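Please open the model in your viewer and keep the selection panel at hand.

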Amino acid sequence: MTLQIEHPDSFLVSRRLALTKRPRRLRTTPALRAMVRETELSAHDFIYPLFVRHGHGRSEIRSMPGIHQLSVEEAVREAEIAVKSGVNAVILFGIPNRKDPVGLENFTENGIIQQAIRAIKKEIPELVVVTDVCLCEYTDHGHCGILNTGEHFQASLPEGYVLNDPTLDVLAKVAISHAECGADILAPSGMMDGMVGAIRGALDQTGYENLPILSYAVKYASSFYGPFREAAEGAPKFGDRKSHQMDPANVREALREAALDVEEGADMLMVKPALAYLDVIRVVKDAFPELPMAAYNVSGEYAMIKAAAANGWIDEKKATLETLTAIKRAGADLMITYHALEAAKWLK
Ligand code: PBG
């Protein structure tokens, strides 16, 4: 067969095929493409994570270029930059001075997170301050709750298992403490059964019935949290989180987790991580279209783009915006992302 593409007869090919439907017509110019774009990113979609520690200054996290552990003053400065970039919300993670089996610093009057919430709300009252409600950064064993050992030991459960109900009591205390300091949204991330209900109940009893809960409803036991655990110094000292976080193989279970949290009073849902779970974001969004949905574009996802870009293997700006657009297209209304400041700048 010979192709005679220069010959005028070749135009007959299109007629023979009756090629009347041509998606390319709407891709001809930038203006046309903008008209038919289905997903538009905005700086308002982003929630920017801040890691706050005691002391002064800031120190860059090795595996997360551009992201720092911040003193309280530096956290306020970083939050001011976020607001100026058009980002409306931050999520705070605290790195305590001292760790213990219960995570006491997460609910003491002058804990690191309490100082950070108060300082940021004082300087920038309009900024939405979300706090992560979990124990893993605060416990000496690095687990998300009270362990099955010592005085709590239950012989029917493995030694070192994270006990559900005793952990709920601690999470309720943490939630009230964050609320008292002025947090705007509480985000429980420990994947304990009943955590949303326990926190909702505690808040309602203490006069915080208007404080919303953004539940990490569907959180997988993922390998993509590696850099975060360096940033927040919250890696488990032994074992893993598979007895509470979800198996990456499951999606029907995601619907069950989300349904329970909705029933318990969650105001917003989250799927985490984002990139390997775009199908899960879509399924949960379709099942609960009435609730705002967040997705956590986690530390490992950030690190992959940064590492490839540093090697000159991908275009950082394009890859980042493509990633965030995909997460939104999958159904997320909000994205927790370490790219927030850069992406906001690129969108301007
Ligand atoms: C738990 C928590 C984790 C992350 C957010 N909240 C760590 C974990 O579950 O082990 C990870 C976020 C990221 O990787 O960016 N407090």
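What does the accessible surface of the protein come to, and what share of it belongs to carbon and sulfur atoms? The surface comes to about 16900 Å², and 54% of it belongs to carbon and sulfur atoms, with areas taken from the Shrake-Rupley method with a 1.4 Å probe, where for residues only the protein chains shown count as cover.

Before selecting anything, note that this is a predicted model, in which local features need pLDDT of at least 70 and side-chain atom pairs count only at pLDDT 80 or more, while totals for chains, interfaces and linings use all residues. Residues are numbered from 1 along each chain as its sequence is written, and side-chain values use heavy atoms, with hydrogens and water left out.

The C-alpha trace spans about 90 × 45 × 40 Å along its principal axes. Of the 348 residues, 51% count as buried, that is, under 20% relative accessible area (1.4 Å probe, protein chains only).

Show the side chains of three of them: a polar atom of lysine 219 lies 2.7 Å from a ligand oxygen, an N or O atom of serine 299 is 2.7 Å from a ligand oxygen, and an N or O atom of tyrosine 338 is 2.5 Å from a ligand oxygen. Taken alone the ligand exposes 410 Å², and the protein buries 100% of that.

Finally, select glutamine 69, which lies in strand β3 (residues 64-70). Is this residue buried or exposed? Glutamine 69 counts as buried because its relative accessibility is 9%. Its side chain reaches the backbone oxygen of alanine 231 at 2.7 Å. Leaving aside neighbours within four places in sequence, glutamine 69 is in contact (heavy atoms within 4.5 Å) with residues including Phe51, Arg53, Ile95, Glu230, Ala231 and Glu233.

How values were computed. Helices (H or I, at least four residues) and strands (E, at least two) are DSSP runs, numbered from the N terminus. Buried means under 20% relative accessible area, exposed over 50%, partly exposed in between (1.4 Å probe, protein chains only). A polar contact is a pair of N or O atoms within 3.5 Å; within protein, one must be able to donate a hydrogen and the other to accept it, and residues adjacent in sequence count only if both atoms are side-chain atoms.
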